[in-house]
Amino acid sequence: MPGQSPVEVALAYHERTKHHPHRFARSLGYMDWDTQPDPFRRFDGAPLLPLDLAPPTTDGGEPRYEPAFVEGGVAAAPLDRAAIGRLFQDSLALSAWKQAGTARWSLRVNPSSGNLHPTEGYLVAGPIPGLSERPAVYHYAPHEHALELRFALSTDGWRSLAVADGAVLVGFASIHWRESWKYGERAFRYCHHDAGHAVAALAIAAAGLGWRARLLEGVLDQDLAVLLGLHEQRGPEAEHADCLVLLAPEPISIEKQRGFAIPRALVDELRQARWSGMPNRLSPEQHLWPEIDEVAAATEKRAPPADAFWETAPFDNGSLVIGDSPLALRPILHQRRSAVALDGRTGITRGAFYQILLKTLPGRAQVPFAALPWQARIDLLLFVHRVDGIPSGLYVLLRDPAREPDLRAAFSDGFVWARPEGCPSSLPLHLLEAGDARKVAAQTSCGQEIAADGAFACAMLADYRRPIEEIGAWFYRRLHWEAGAIGQVLYLEAEASGIRGTGIGCFFDDATHLAFGLRGDRYQVLYHFTMGGPVDDPRLQTRPPYEHLSR
Ligand SMILES: Cc1cc2nc3c(=O)[nH]c(=O)nc-3n(C[C@H](O)[C@H](O)[C@H](O)COP(=O)(O)O)c2cc1C
């Protein structure tokens, strides 16, 4: 709407894209198969540099799963061709092909709402032994597991970024059309959940190489679009720059993270440069969703964050146990799948539940949350169904314990706020109300039974309005990234616990708020998640991810 501030546009977008039991957010309402977007962006004409595919590792193999979640837990690998192949294979690559009758589709290591994969990955790097002698900007092509060379940077241009030897930059961008094709107006939310999943997937893959990951929030979106070579893309299939992540084998200081910027001279040089390859056409035609273009423009980051953005109170996650489990990291990353149905029987122990929740906390050196520089703004509202040793019911996990007084005041009066038995001291978990939470979990998740049939489900509640007003409309995207990153950890933790998870983007926003007594928009739920014993669909066949390359 003309005259609205960017914050007002973001808040209004969120409000109008809520699902209600009798009114879903606007979408086409049917699947227009004629315009289904190609899930693979390619830059036609750009030189292709194939990456190596590492053979699968098994349990007992290195790196192990548990130590990868604490920075410094895995010895750092040198930057070379093998490491870059591994990084992408463990984060954005294909993980399998599925087949049902004549229909065949690929899955990826990173999940995506509707399997539509709006997120594109880019590498900006100096010379990489075995891969390239020159600094360059590349697009990652998951179907080929290869890098498309978009632009060879000058040595001076690369040096002007002041990235240390052995470190690289990875950028992300979203193609909104891939999601809006199916989900209409609500799609912008899903693009940013997916971006959060991708950032976390990258940070965890990097941790497997012993590398640290840090989001570089000093970078402005328009400059990032130029660095990634997206600045000339126009129209509904255009990629929108999301974020830039620094990956380094050494600790990255907050000053380095905060001070990183793309020098003006480099932006000017790249804007004039001849980039190789033309973006492929994804659909013969597109449906337009102007509300998405509006919220995308309103939530662009146009100025560096103010000081308040960087002020964080460190969280001491002293109860997280990095045990000596032989579980290997990479099999878990590659076997991650969404359950399509849960069995309504399988539960988990209280100890396993607590360890899963401890992994979702923003501990100081905890992967992947150490990558996100802002104060954690998302808490978990839990629907506990089958956790041995604690009562079923509604719980809250405070990912920032300082929010407790405000949430106590905002939640229903009748909540008990009791610490569950055996709860570790650094886990701010509270029972709110004992009882059967299955019905409310399914009802608030758009009636999806998977939210009732697991061991537990959760709704991710953002401290929403105040940080968006204080930091800026661009923080609307960050709240979804934080939710996506939590979702990524939950997916992996489900696999590591021998069960399976599913992200739930379809939920009734205000019905979830009401279940906890919340009114107004100071807090908003941004994402639901469930995990439990999976029920497989016997009609689906599974094929290896890259057999098409060996043919
Ligand atoms: C942000 C997000 C929202 C999702 N929402 C739902 C949902 O509401 N219901 C559902 O059954 N699956 C949902 N999923 C699961 C996706 O359908 C799934 O990730 C996708 O089909 C790819 O399959 P995979 O996760 O097995 O790789 C969601 C996933 C993500 C990442």
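In this predicted model, begin with Pro63, which sits in the loop between β2 (48–50) and α2 (81–89). Display the backbone there and you will find that the peptide bond joining Glu62 and Pro63 is cis, with omega about -10°. A cis peptide bond also joins Val367 and Pro368, where omega is about 5°; to reach Pro368, select the loop between α12 (350–359) and β13 (378–384).

Next, select helix α5 (residues 187–208), whose end C-alpha atoms lie 31 Å apart; this agrees with the 32 Å that its 22 residues should span at 1.5 Å a residue. The helix is mostly covered, with 22 of its 22 residues buried, and just after α5 comes Gly210, which takes a positive phi of about 75°.

Now colour the largest nonpolar core, a set of 172 residues in which Val199, Val245, Phe383 and Met460 have the most contacts. Its largest share, 15 residues, comes from α5, and at least three residues are drawn from each of domain 1 (6–31 + 63–304) and domain 2 (329–532). Centre on Phe383, whose contacts include Leu394, Val440, Phe456 and Cys458.

Finally, turn to two residues with positive phi. His145, in the loop between β6 (136–141) and β7 (146–152), has phi near 45° without being a glycine, and it counts as buried because 20 C-beta neighbours lie inside 10 Å. Cys446, in the loop between α14 (438–444) and β17 (456–463), is not a glycine either and has a phi of about 55°; with 17 C-beta neighbours inside 10 Å, Cys446 counts as partly exposed.

Key:
Residues are numbered from 1 along each chain as its sequence is written. This is a predicted model: local features need pLDDT of at least 70, side-chain atom pairs count only at pLDDT 80 or more; totals for chains, interfaces and linings use all residues. Helices (H or I, at least four residues) and strands (E, at least two) are DSSP runs, numbered from the N terminus. The expected span of a helix is 1.5 Å times one less than its number of residues. A residue is buried if 20 or more other C-beta atoms lie within 10 Å of its own, exposed if 12 or fewer, and partly exposed in between; C-beta atoms are placed from the backbone. A nonpolar core is a set of buried Ala, Val, Leu, Ile, Met, Phe, Trp, Tyr and Cys residues joined through C-beta atoms within 7 Å. Domain bounds come from an automatic or database domain assignment. Two residues are in contact if their C-beta atoms, placed from the backbone, lie within 7 Å. Lists of a residue's contacts leave out its neighbours within four places in sequence.
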